[in-house]
Amino acid sequence: MTSDLRIGIIGVGAMGADHAERVARRTSGARLVAVSDPDAARATALATALDGVQVIGDPLQLIAEVDAVIIASPGFAHAEQLMACLEHGKPVLCEKPLTMDAESALRVVEAEHKTGRSLIQVGFMRRFDPEYAALKQLLDSGDLGRTLLLHNVHRNKTVAETFRSEMIVRDSLVHEVDVARWLFDDEIARITVHAPKPTSLVGEGVLDPQLAIFEMAGGAIADVEVFVNFQVGYEVRCEAVAEKGSATIGLGVDVLTRQAGHWGGAVPDDFRVRFGPAYDIEVQRWVNAAASGGIDGPTAWDGYAAAAVCTAGVQSLTEGRPVEVELARRSEVLG
Ligand SMILES: NC(=O)C1=CN([C@@H]2O[C@H](COP(=O)(O)OP(=O)(O)OC[C@H]3O[C@@H](n4cnc5c(N)ncnc54)[C@H](O)[C@@H]3O)[C@@H](O)[C@H]2O)C=CC1
Ligand SMILES: O=C1[C@@H](O)[C@H](O)[C@@H](O)[C@H](O)[C@H]1O
């Protein structure tokens, strides 16, 4: 008899399958017991490969049957599945974005508040990345003085054809929204999303790349280039500029080789390589916290605040102007 936390995963595409392997093979105190995905063949193949994992067709039934849940379904499915986790009192690590818009995200925050518990952790894994964590520690130490600016680059090799302009804001830029709120420890008051001449290597009408400007409530500014069809590989960089110095992460320069007339390092293909250690730390810490019914990471409120910024960001992209972020008063929602 084991007291391991019995985990169920909803959605086993790229991210869900990665988490399944993580929970099954290298997370202590947890056991993967069930998966659910409308693509039954995909769920069955994964369950078979991982041994001892049940396939449950209905995600709401999975929620009822396990101790804790990882949601890795597409963002549009998160709200209903999160509400079911709250109804059953189940701790849940929900992949970002919390939901696809500010309104539904706020409903989730309110519903969680009614339970009187912190059950939802949002998968903003960069907070667990050793490089980002070191940057946060350095900025918080005050050694560089006050942080004034952040320059961010977020590039994916390619994305699915269904990934339209809005998704670049809600699904990709949302990471920098969280990074800026976290590093500055401040809210984003205003966002502008510019759409430069798009790459010709994507479908008609897709605005890629995008250049976003976040104006923080306290006056600092962050800029973000987000380019999801960069072709080369996965690159995430952040430079913080402070009063007495600057600090940069994500240069990917740990191994430089000279070979066949070239020198340089490798560019990872996607986030599973670059942020693998961050997901490992994130899931292990969530499991440890969930075992006592809590969380240890970005909260539902963080997910809501990010959704509110992205909602304003999509409006800015559509209307071609800066848009103020409408954020509910935290004290009114959470008491
Ligand atoms: N933290 C991170 O760096 C990353 C987070 N993500 C997030 O993970 C989630 C999943 O993304 P991917 O794995 O890239 O997508 P994906 O398209 O590879 O996989 C999604 C899976 O969910 C299944 N699905 C569709 N509708 C569903 C529903 N209603 N209920 C349950 N399952 C459903 C699909 O059949 C598919 O197997 C998204 O929220 C995404 O934003 C994705 C990539 C990286
Ligand atoms: O979260 C992720 C994906 O969903 C998103 O589509 C990518 O742009 C991000 O780089 C990745 O970290």
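**Note on helix packing, domains and ligand shells**

1. Helix H5 crosses H10 in a left-handed sense; this means that the near helix is turned anticlockwise from the far one by less than a right angle (clockwise would be right-handed). Helices (H or I, at least four residues) and strands (E, at least two) are DSSP runs, numbered from the N terminus. The model is predicted, so that local features need pLDDT of at least 70 and side-chain atom pairs count only at pLDDT 80 or more, while totals for chains, interfaces and linings use all residues. Residues are numbered from 1 along each chain as its sequence is written, and chains are lettered from A and ligands numbered from 1 in the order in which they are written.

2. H5 spans residues 102-115 and H10 residues 300-319; their axes lie 8 Å apart at an angle of about 165 degrees. Axes are lines fitted to C-alpha atoms, for helices over the stretch in contact, with angles from 0 to 180 degrees between N-to-C directions. The pair is therefore roughly antiparallel, the term for angles over 145 degrees, as roughly parallel is for those under 35.

3. On the H5 side of this packing, Ala-102, Ala-105, Leu-106, Val-108, Val-109 and Glu-112 meet residues of H10 that include Trp-301, Gly-303 and Tyr-304. Contact requires C-beta atoms, placed from the backbone, within 7 Å. The residues of the contact comprise 10 nonpolar, two polar and one charged. Here Ala, Val, Leu, Ile, Met, Phe, Trp, Tyr, Cys and Pro count as nonpolar, Asp, Glu, Lys and Arg as charged, and the others, Gly among them, as polar.

4. H5 also packs with helix H4 (residues 78-88), at about 5 degrees and with the axes 10 Å apart. H4 is therefore roughly parallel to H5. Ala-79, Leu-82, Met-83 and Leu-86 of H4 meet Ser-104, Val-108, Ala-111, Glu-112 and Thr-115 of H5. Six nonpolar, two polar and one charged residue make up this contact.

5. The domain assignment (bounds from an automatic or database source) gives domain 1 as 5-125 + 277-299 and domain 2 as 129-270 + 307-334. Their C-alpha centres are 25 Å apart.

6. Around ligand 2 stand Asn-156, Val-159, Asp-171, Ser-172, His-175, Val-228 and Phe-271. Helix H7 (residues 165-184) gives the most, with three residues. Three nonpolar, three polar and one charged residue form the shell.

7. The bond between Lys-96 and Pro-97 is cis, with omega about -10 degrees; Pro-97 lies in the loop between strand S5 (92-94) and H5. Another cis bond runs from Asp-208 to Pro-209, with omega near 10 degrees, and Pro-209 is in the loop between strands S8 (188-194) and S9 (210-216). Gln-231, a residue other than glycine, has a positive phi near 75 degrees.

Definitions and conventions
Parallel < 35°, antiparallel > 145°, perpendicular 65-115°, else oblique. Contact = placed C-beta atoms within 7 Å. Near = placed C-beta within 6 Å.
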